[in-house]
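Here is a short report on one protein model. Look over the sequence and the structure, then read on.

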Amino acid sequence: MERCLDGNHHLAGDLWRKFPELRRAELIRQDLMEIGAISADSKPSDRGPTLPISAATQDYVDCIERAGQEEDGTRLLGHLYVRYFADLFGGRALGYPTKLAVPGLKSKPRFYAWDHSVEKDRRAYIERIYE
């Protein structure tokens, strides 16, 4: 999704670039390395043998890619909201249950950890998004 947003030069991409703190791909990669699902030298585009992708996940990836290519990428806004903005609201509460559910994860997933500029006043950061 981040690649699609990076390549979008309309509303969704403009909004994405305005808030670089939302990026999660590298944090997800670090979480996957911690549990041994990928190696330290893997790149975000790699899908090694230890990380199978389900048919449902592939369908979602295909949907995101289509959303980025059609209608100036406008449909990416819904995905951007649900995947990133919603995690600003409730993601913190999901960190601990995720840690308990994922074998090998030693701490709350980095995915749910936000940059200090976000955490110092999360409400103000969210309000900036809606301006």
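The text below goes through helices, loops, rings and cysteines in turn.

This is a predicted model: local features need pLDDT of at least 70, side-chain atom pairs count only at pLDDT 80 or more, and totals for chains, interfaces and linings use all residues. Residues are numbered from 1 along each chain as its sequence is written, and side-chain values use heavy atoms, leaving out hydrogens and water.

**Helix α2**

Helices here are DSSP runs (H or I, at least four residues), numbered from the N terminus. Helix α2 spans residues 11-18, and Ala12, Gly13 and Trp16 are buried in it. Buried means under 20% relative accessible area, exposed means over 50%, and partly exposed lies in between (1.4 Å probe, protein chains only). How wide an arc do these residues cover around the axis? The arc is only 95°, so they sit on the same side of α2. Such an arc is that of the directions from the helix axis to the C-beta atoms. An α-helix has 3.6 residues a turn, so residues three or four places apart point the same way. The buried residues of α2 pack against α1 (2-7) and α5 (76-101).

**Loop residues**

Asn8 lies in the loop between α1 and α2. Its relative accessible area is 3%, so Asn8 is buried. The side chain of Asn8 reaches the backbone nitrogen of His10 at 2.9 Å. That is a polar contact (a pair of N or O atoms within 3.5 Å; within protein, one must be able to donate a hydrogen and the other to accept it, and residues adjacent in sequence count only if both atoms are side-chain atoms). Not counting residues up to four places away in sequence, Asn8 touches several others, including Gly13, Asp14 and Arg17. Contact means heavy atoms within 4.5 Å.

Gly36 is in the loop between α3 (25-34) and α4 (55-69). The C-alpha atoms of Gly36 and Arg3 are separated by 24 Å, and the two residues are 33 apart along the chain.

Glu71 lies in the loop between α4 and α5, and Asp72 is found in that loop too. Phi of Glu71 is near 55°, a positive value in a residue other than glycine. Asp72 also has a positive phi without being glycine, near 60°.

| Residue | Relative accessible area | Class |
|---|---|---|
| Gly36 | 47% | partly exposed |
| Glu71 | 54% | exposed |
| Asp72 | 47% | partly exposed |

How many aromatic pairs does the structure hold? There are four. One of them joins Phe111 and Tyr112 edge-to-face, at 4.9 Å centre to centre with 85° between the planes. Rings of Phe, Tyr and Trp (its six-membered ring) pair if their centres lie within 6.5 Å; planes under 30 degrees apart count as stacked, over 60 as edge-to-face and the rest as tilted. Phe111 and Tyr112 are both buried.

Asp87 sits in helix α5. At 6% relative accessibility, Asp87 is buried. Leaving aside neighbours within four places in sequence, its contacts include Phe111, Tyr112 and Trp114.

**Cysteines**

The whole structure has zero disulfides (a disulfide is a pair of cysteine sulfur atoms within 2.5 Å). Cys4 is buried at 19% relative accessible area, whereas Cys63 is partly exposed at 22%.

Terms used:
Helix = DSSP H or I, 4+ residues; strand = E, 2+ residues; numbered from the N terminus.
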